[in-house]
Amino acid sequence: MARQDFYVNALDLGTSQVRAVIARCHAEHGIHLLGAGVRPSEGMRKSIIIDSGALTPVIRAAIEEAERQARREVRDVHISISGAHVHGVTVSAVLNILEGDDTITPAHLAELMEKARSNGAEKGRECLHAIAQEYCLDGHSGILNPLGKRAARIEAAVHLISGDHTMIENHGRTVNEAGFVVQDICFSVIAAGHAVLTDQEKKDGVLLIDLGGGTTSYAVYHNHSIYYANVFGVGGDHITNDLALGLRISFAEAEETKCTYARLLRMSESGENAQRIKVSGTDRKARMVLRQDVEMIIDSRVEELLQFVRDDVEQRQCRARITRGVVCTGGVTHLHRFLERAEKVFNMPVRIGIPQLFSPHDRHPGFAFYAERLEHLRDPAYATVLGLVRYAAINELTARETRKSWWQRLFSLS
Ligand SMILES: Nc1ncnc2c1ncn2[C@@H]1O[C@H](COP(=O)(O)OP(=O)(O)OP(=O)(O)O)[C@@H](O)[C@H]1O
Ligand SMILES: [Mg+2]
């Protein structure tokens, strides 16, 4: 192993799927994906663990699959979290530099962040992320990077993303019961952002929406910060439920119809202009349903979901920040004509966030993903787990940098 290599293990506990990825990372050589495991989820509802006993074997199976591929054992994992209990609020914090040199250092900013966390603290809630939006130095506002500048008083607007303490603790306990140790927890959309957003999008302003099986989670990025984050406890399962009710078929059959709808259309007897598609009812008898009925149910549910996100973001006065449009990830984006529907609802450019993977023989600028034989990870449903890997790797590199500078300062090497 090259000296600066390190390994990262990521686990995305989703309502529909549990996904695990093992990667070898290096500051210059990027992120090499070594193994990936996926298993259908059990014991989760709307991204919340309702039966940890059912979930632990699934976690083990997903991680074991990744371990076999990577030929490496996992102990620590970084996990993602979502659920309607997770949301963001913006708070302000003030720090007066009373003594000595008034040049702003990382230590000052860390102290300011601590103040923001304590200003926003709520009983029973756990802060997952504190993200500075902008600073005001001695009354001069709109400053994005205050490091190295001089001021006697620093004010900051900070976005705090928090979740219910018990829910977060449940995630940790369940992962422990499965035999692993949680190293860090990341909100699923922040993780997905690390896999699919460009720096330019994060700077200019973009709305990232992760549409999973049980939840729709979203965040507004601008100036490399987060201006709003929220989770809505409705996802792809809701579409499946409505399809099952509307067509009088089982949930499993509705899920199959939803996911293979485009193929069913092609396979229908009258070819491309098919007006009917074949399903088997709860009585297991095959019958034809009208294509327009299926489309009407899927269309209205998807549009409703996206309209909710759009209205919420507008209510928070965040729309003006979204100059680069919308990026969507998660399994729901596979739906037939999803992009068209999303563009109609948002009336702005929308793209599907697919993680970019390069061949290990390529050289790509930035902290890119490289993989061999893991083609299936180029999928919007893998954005969260892959982003989690990059999030964890960036944190590790930053921590190493801090440790190094501390070490260098101590021995006056730099
Ligand atoms: N080909 C497809 N066509 C339509 N929908 C699909 C397709 N593949 C997956 N989905 C839907 O995507 C959803 C699962 O997405 P995903 O795997 O991102 O969810 P998750 O991460 O497990 O859940 P969550 O993030 O809500 O906890 C399900 O509702 C599933 O039906
Ligand atoms: Mg998910």
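**Exercise 1. Find which residues come nearest to ligand 1, and sort the shell by class.**

Step 1. A residue counts as near if its C-beta atom, placed from the backbone, lies within 6 Å of the molecule.

Step 2. Now look for the elements involved. Helix 6 (236-247) and helix 7 (251-259) are the ones that give two or more residues to this shell. Helices (H or I, at least four residues) and strands (E, at least two) are DSSP runs, numbered from the N terminus.

Step 3. Sort by class, and you get four nonpolar, 17 polar and three charged residues around ligand 1. Here Ala, Val, Leu, Ile, Met, Phe, Trp, Tyr, Cys and Pro count as nonpolar, Asp, Glu, Lys and Arg as charged, and the others, Gly among them, as polar.

A quick note before going on: this is a predicted model, where local features need pLDDT of at least 70 and side-chain atom pairs count only at pLDDT 80 or more, while totals for chains, interfaces and linings use all residues. Residues are numbered from 1 along each chain as its sequence is written, with chains lettered from A and ligands numbered from 1 in the order in which they are written.

**Exercise 2. Describe how helix 6 and helix 9 pack.**

Step 1. Two packed helices are described by the angle between their axes and the distance between the axes. For helix 6 and helix 9 (residues 291-315), the angle is about 150° and the axes are 10 Å apart. The axes are lines fitted to C-alpha atoms over the stretch in contact, and angles run from 0 to 180 degrees between N-to-C directions.

Step 2. Next, list who meets whom. From helix 6 come H238, I239, D242, L243, G246 and L247, and they meet D293, I297, I298, R301 and V302 of helix 9. Contact asks for C-beta atoms, placed from the backbone, within 7 Å.

Step 3. By class, this contact has six nonpolar, two polar and three charged residues.

**Exercise 3. Which residues with a positive phi are not glycine, and are they buried or exposed?**

Step 1. Most residues other than glycine have a negative phi. Q317, though, has a positive phi of about 55°, and phi of N347 is near 55°.

Step 2. Q317 is in the loop between helix 9 and strand 17 (326-329), whereas N347 is in the loop between helix 10 (338-346) and strand 18 (350-352).

Step 3. Count neighbours. A residue is buried if 20 or more other C-beta atoms, placed from the backbone, lie within 10 Å of its own, exposed if 12 or fewer, and partly exposed in between. Q317 is exposed because 10 other C-beta atoms lie within 10 Å, and N347 is exposed because it has 8.

**Exercise 4. Work out how covered helix 4 is, then compare it with K115.**

Step 1. Helix 4 (residues 188-196) is mostly covered, with nine of its nine residues buried. Among them are V189, I190 and H194.

Step 2. K115 belongs to helix 2 (residues 106-119). K115 is partly exposed, because 18 other C-beta atoms lie within 10 Å.

Step 3. Leaving aside neighbours within four places in sequence, K115 touches A93 and L95. K115 and V94 are 21 residues apart in sequence, yet 7.5 Å apart in space, C-alpha to C-alpha.

Note on methods. Contact = placed C-beta atoms within 7 Å.
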